[in-house]
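Here is a friendly walk through the sheets, helices and chain contacts of the structure shown below. Keep the 3D view open as you read.

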Protein chains: 2
Amino acid sequence: MEYIQIFSPATVANISCGFDILGLCLDTVGDKMIIRKVPEKGVRITRIEGASLPFDVHKNVAGVAALALLKAIETDFGFEIEIIKKIKPGSGVGSSAASATGAVYGINELLGKPFSKSELVQFAMEGEKLASGSMHADNLAPAIFGGFTLVRGYDPLDIISINTPKELFVSVIHPEIEIKTEEARAILKKTVSLKKAILQWGNVGGLISGLFLEDYELISRSLHDEIVEPHRSILIPGFNDLKETAIQNGALGAGISGSGPSVFALSKGEKTAQKVADSMSIVYKELDIAHKIYVSKINTEGIKKINQ
Amino acid sequence: MEYIQIFSPATVANISCGFDILGLCLDTVGDKMIIRKVPEKGVRITRIEGASLPFDVHKNVAGVAALALLKAIETDFGFEIEIIKKIKPGSGVGSSAASATGAVYGINELLGKPFSKSELVQFAMEGEKLASGSMHADNLAPAIFGGFTLVRGYDPLDIISINTPKELFVSVIHPEIEIKTEEARAILKKTVSLKKAILQWGNVGGLISGLFLEDYELISRSLHDEIVEPHRSILIPGFNDLKETAIQNGALGAGISGSGPSVFALSKGEKTAQKVADSMSIVYKELDIAHKIYVSKINTEGIKKINQ
């Protein structure tokens with residue numbers, strides 16, 4: 001195999017109470033990437049479409065992730081990367097993670113899979129570091145593993161695949177403004193009250209139990225964020241209205257996707273998820289905010305090879 | 001049925017990262033209680049063995065819990081309670097919870113089960129309030145539901161039964177000193193760093209996942225408490241040595257049981273749990289600290305009727 005085409009999915013991280021640990025993989029939104037084995041050693045980015053991103057491999061998350069992988073294995077050939085961005089950078093659904101995972105997944109496939117999924121996440125974290133200034137895996141893990149993933153911790157990196165209830169669908173609304181991950185991080189308080197922290201880990205326990213038990217009501221009761229959402233939501237226009245209308249229209253819960261500005265809602269069934277998406281769109285139409293809207297099942301396969 | 005004999009089990013709350021939310025039910029340690037339906041209305045405590053506790057129903061957790069239940073239902077008869085304590089008060093394995101749950105479970109059985117398990121926990125919380133000054137359910141829930149339980153939150157009370165892996169055994173060592181729950185609470189800081197809180201809820205997610213997946217290694221990796229143990233463990237003589245020897249002898253993890261002074265360890269298999277218990281006992285023998293030691297499977301049934 002000399003060349004591979006990939007669907008590199010968008011992801012939702014920071015799922016309500018699961019700040020910094022819980023993410024999920026989308027199915028209908030993602031980048032296309034082509035990775036090609038070439039005689040010249042090293043990594044080159046030969047095509048970028050759909051976004052204005054650097055071709056310099058040391059300044060592009062896909063390039064940095066690819067170089068991290070190639071540092072761990074000796075090859076007497078190199079790789080060319082084409083990136084067709086469908087996920088807007090800075091939208092909060094793992095745009096940089098899609099680029100980073102696409103590069104390492106594709107190269108790993110062309111090399112005959114010498115690396116495990118966890119190792120791929122580790123290489124891709126180098127790319128995420130370039131994008132956000134910190135090493136995190138909460139978008140990378142669901143992109144590589146699919147479904148819901150828990151990043152239990154980083155010392156060492158510990159990723160756990162969580163069961164994905166069959167009827168769970170995601171609605172995502174993306175207002176066309178940009179929030180930098182670094183800025184969204186800066187708004188967070190460095191300390192939290194023990195009382196709120198206990199509420200939060202109670203909800204984490206409830207959400208994970210709800211996913212394993214496929215108990216939609218329990219998932220709904222657990223989708224609360226006591227710690228981060230109160231601060232970050234002020235950066236997102238109309239956040240409270242979006243959340244309220246989503247829940248009124250049947251969503252199990254809603255929250256900030258990643259560090260925003262996208263807002264996600266989880267629903268039982270595609271029909272409800274569509275209704276929820278439509279209702280959120282109306283909020284932004286009334287506020288005259290340009291936006292995109294997506295409805296997706298949860299992609300339990302993760303990043304994958306495609307034919308076209 | 002005019003009379004019922006009950007095994008009211010000891011419980012381990014605050015399981016490492018699961019402070020205030022996660023508990024489990026023991027099988028070999030528990031009180032015996034006898035509840036009798038009598039013509040005179042109200043509640044009387046007619047016998048207390050094994051501990052020096054008040055007979056005044058308003059000052060006894062069993063009495064207070066029983067009265068809370070009887071406030072919710074009209075009866076033209078009353079109940080007598082006999083308490084044979086095997087769980088030492090203040091030992092950190094849910095002594096007051098055993099008394100409170102025994103009273104409400106027994107009366108509910110004699111009344112033909114008008115109340116749900118969750119309602120019984122709610123009545124028993126009144127008894128716990130008398131014992132510790134705050135309404136909490138983290139020992140009551142495993143005593144009533146059996147197995148591992150998550151108290152997701154209190155508004156309203158939300159208890160979730162978590163899967164109990166078959167081969168999980170508990171070792172408990174109880175140094176014969178007393179730590180009051182109120183004092184153990186007072187030692188806690190009111191705020192925690194966001195960084196540590198994230199580690200903690202990552203571990204909560206890992207522990208709950210490990211229980212559902214019956215993944216003993218994951219359970220082991222998740223049994224850490226970044227928040228409470230560093231403060232409370234200083235109240236327990238030889239805590240670090242107990243924990244170290246438990247893990248060296250094969251325990252998956254160890255921590256403070258409830259608010260102490262008992263220390264628990266979880267192990268895969270009864271043989272390992274026994275070895276772990278023996279090793280912890282040696283630590284206290286060397287330190288010349290009087291102690292009791294228990295090894296128990298996890299009681300998935302919870303509080304139950306017994307014949308003798």
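## The sheet of chain A

In chain A, four strands make an open sheet in the order β9-β10-β7-β11, with antiparallel pairing. Its edge strands are β9 (253-256) and β11 (291-297) of chain A, each of which pairs on one side only. On average, neighbouring strands of this sheet are turned by 20° against each other, direction ignored. Some terms first: strands (E, at least two residues) and helices (H or I, at least four) are DSSP runs, numbered from the N terminus. Two strands pair if DSSP finds at least two bridges between them.

This is a predicted model, in which local features need pLDDT of at least 70 and side-chain atom pairs count only at pLDDT 80 or more, while totals for chains, interfaces and linings use all residues. Residues are numbered from 1 along each chain as its sequence is written, and chains are lettered from A and ligands numbered from 1 in the order in which they are written.

Look next at strand β7 (residues 168-175) of chain A, which is joined to β11(A) by seven bridges in the antiparallel sense. Here I173(A) stands opposite I293(A) in β11(A).

## Two helices on the sheet

Helix α9 (residues 239-248) of chain A packs on this sheet, where it touches β7, β9 and β10 (263-268) of chain A. The direction of α9(A) makes about 155° with that of β9(A). Helix α10 (residues 270-286) of chain A also packs on the sheet, touching β7, β10 and β11 of chain A, and its direction makes about 15° with that of β7(A). Contact means that the C-beta atoms of two residues, placed from the backbone, lie within 7 Å. Axes are lines fitted to C-alpha atoms, for helices over the stretch in contact, and angles run from 0 to 180 degrees between N-to-C directions.

How do the two helices meet? The axes of α9(A) and α10(A) come within 9 Å and cross at roughly 150°. That makes α9(A) roughly antiparallel to α10(A), a label for angles over 145 degrees. The contact is made by D241(A), L242(A), T245(A) and A246(A) of α9(A), together with V276(A), S279(A), M280(A) and V283(A) of α10(A). By class, five of these residues are nonpolar, two polar and one charged. Ala, Val, Leu, Ile, Met, Phe, Trp, Tyr, Cys and Pro count as nonpolar, Asp, Glu, Lys and Arg as charged, and the others, Gly among them, as polar.

## Where the chains meet

Between the chains, 34 residues of chain A are in contact with 34 residues of chain B. On the chain A side, the elements that give two or more residues are β5 (148-154), β6 (157-162), β8 (191-193), α6 (194-213) and α7 (216-222) of chain A. The largest share of that side, 14 residues, comes from α6(A). The residues on this side divide into 18 nonpolar, ten polar and six charged.

A strand pair also links the chains: β8(A) and strand β8 (residues 191-193) of chain B pair in the antiparallel sense over three bridges. V192(A) stands opposite V192(B) in β8(B).

## The sheet of chain B

Chain B has an open sheet of four strands in the order β9-β10-β7-β11, with antiparallel pairing. Four bridges join β9(B) to strand β10 (residues 263-268) of chain B, and I256(B) has V263(B) as its bridge partner in β10(B).

How values were computed. Parallel < 35°, antiparallel > 145°, perpendicular 65-115°, else oblique.
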